[in-house]
Amino acid sequence: MSGNSTHPRGGPPYVGRIPEILTGQKALVTGGSTGIGAACVRALAEAGADVAINYRSDPSSAESLAEDVRSLGRAAMTVQADVSSEEQVESMVSEAVDRLGTIDILVNNAGLQADAPFEEMTLDQWRRVIDVNLTGQFLCTRAVVREFKRRGVVPEVSCAAGKIINMSSVHDAIPWAGHVNYAASKGGVQMFTKSIAQELAPRKIRAIILSPGAIRTNINRPAWESQEAYDDLMKLVPLDRIGEPSDIGRVLVWLASDFSDYISGTTIYVDGGMMLYPGFAEGG
Ligand code: NAD
């Protein structure tokens, strides 16, 4: 079977449509025009939410995704911003609030890698990854939390005043040689999110870490594109298939909904069992 087929080892079972459990809610998804972010946008819209799609540099794919959202009968807008820029984040959030009315759900998804052997890693590579993956989440969360606090709980919309879902990675727990900037940024996302969850809980604001394993997107194309690479990758995945972006979208909807209202400050791994240390399945 070809490693380039959609599900080289069988994909997720058909699980049907996502139920409309976010009706009337407004979501902002950063890095929302590609990969996991785009799947989150689609899942949120299917669940009934209106969506602001942030992109950094490609308006056309963001706009075509917005059209898909509108075809489901939801409102959609696109908004350009570099999440590592304080000024751009402030204006993105105020534009989203102006046009959608408010924000109930923030998905801090934007992220990147700039890999290098440790002693060759430049300060620019280090800073770029920390600035986007960690400082970006700080800036977006701070701006949106001000709106959550201003608005408070609207019981007919949600029993929380706001939900923050921060995209992390299994590398917030699994060390990753050759990617120390990325692992450090995602480790930082863990304690950032837990600390804001503690601080904001009295205001009925929830913050959750969503940590994917290997998901089929552009960020990790070399790890799944050839059959050989895919087979190697599967040694790390007990469920023996790569994750699809929709695997993340479905969990995100649940985390953003009142069905998970008693969850805050914890990490949900969506990783096909990668966190089970599969190397220990035999021997050890
Ligand atoms: P992706 O490259 O398709 O998505 C990353 C998105 O972030 C892109 O749309 C990109 O334009 C955007 N982005 C980058 N820098 C930005 C900036 N400064 N401002 C605004 N947007 C910016 O890859 P993906 O796999 O969909 O990644 C999404 C998130 O999931 C990332 O945070 C990534 O670390 C995380 N993740 C992915 C995997 C995986 O296996 N694919 C695993 C664990 C975690």
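One oxygen atom of the ligand lies 3.2 Å from a polar backbone atom of Gly213. A polar backbone atom of Gly111 is 3.4 Å from an oxygen atom of the ligand. In Thr34, an N or O atom of the side chain is 2.7 Å from a ligand oxygen. These are polar contacts, meaning pairs of N or O atoms within 3.5 Å; within protein, one atom must be able to donate a hydrogen and the other to accept it, and residues adjacent in sequence count only if both atoms are side-chain atoms.

The model is predicted: local features need pLDDT of at least 70 and side-chain atom pairs count only at pLDDT 80 or more, while totals for chains, interfaces and linings use all residues. Residues are numbered from 1 along each chain as its sequence is written, and side-chain values use heavy atoms, with hydrogens and water left out.

The shell around the ligand holds 26 residues, of which Thr34, Ile36, Tyr182, Ile215 and Thr217 come nearest; a residue is near if one of its heavy atoms lies within 4 Å. By class, the shell has twelve nonpolar, eleven polar and three charged residues. Here Ala, Val, Leu, Ile, Met, Phe, Trp, Tyr, Cys and Pro count as nonpolar, Asp, Glu, Lys and Arg as charged, and the others, Gly among them, as polar. At least two shell residues come from each of helix H1 (35–46) and helix H5 (180–200). Helices (H or I, at least four residues) and strands (E, at least two) are DSSP runs numbered from the N terminus.

The second largest pocket contains about 240 Å³ of space. A pocket is an open set of points on a 1 Å grid where a 1.4 Å probe fits, with protein on both sides within 12 Å along at least five of seven lines, and lining residues have an atom within 4 Å of a point. H1 gives the most to this lining, with four residues; helix H7 (245–256) also supplies at least two. The lining includes Arg17, Arg42, Glu46 and Arg250. Its classes are four nonpolar, three polar and four charged residues.

Four residues are listed below with their relative accessible areas. Buried means under 20%, exposed over 50%, and partly exposed in between (1.4 Å probe, protein chains only).

| Residue | Relative accessible area | State |
|---|---|---|
| Ile103 | 0% | buried |
| Asn181 | 0% | buried |
| Ile208 | 0% | buried |
| Tyr277 | 54% | exposed |

Ile103 sits in the loop between helix H3 (86–100) and strand E4 (105–108). Its C-alpha atom is 9.4 Å from that of Asp50, although 53 residues separate the two along the chain. Asn181 belongs to helix H5, and a polar atom of its side chain lies 3.2 Å from the backbone oxygen of Gln125. Ile208 is part of strand E6.

Lys204 has a phi near 60° and lies in the loop between H5 and strand E6 (205–212). Tyr277, with a phi of about 50°, is in the segment after strand E7 (267–270).

Technical notes: Grid points are joined across faces, edges and corners, and a volume is the space filled by probe spheres set on the points.
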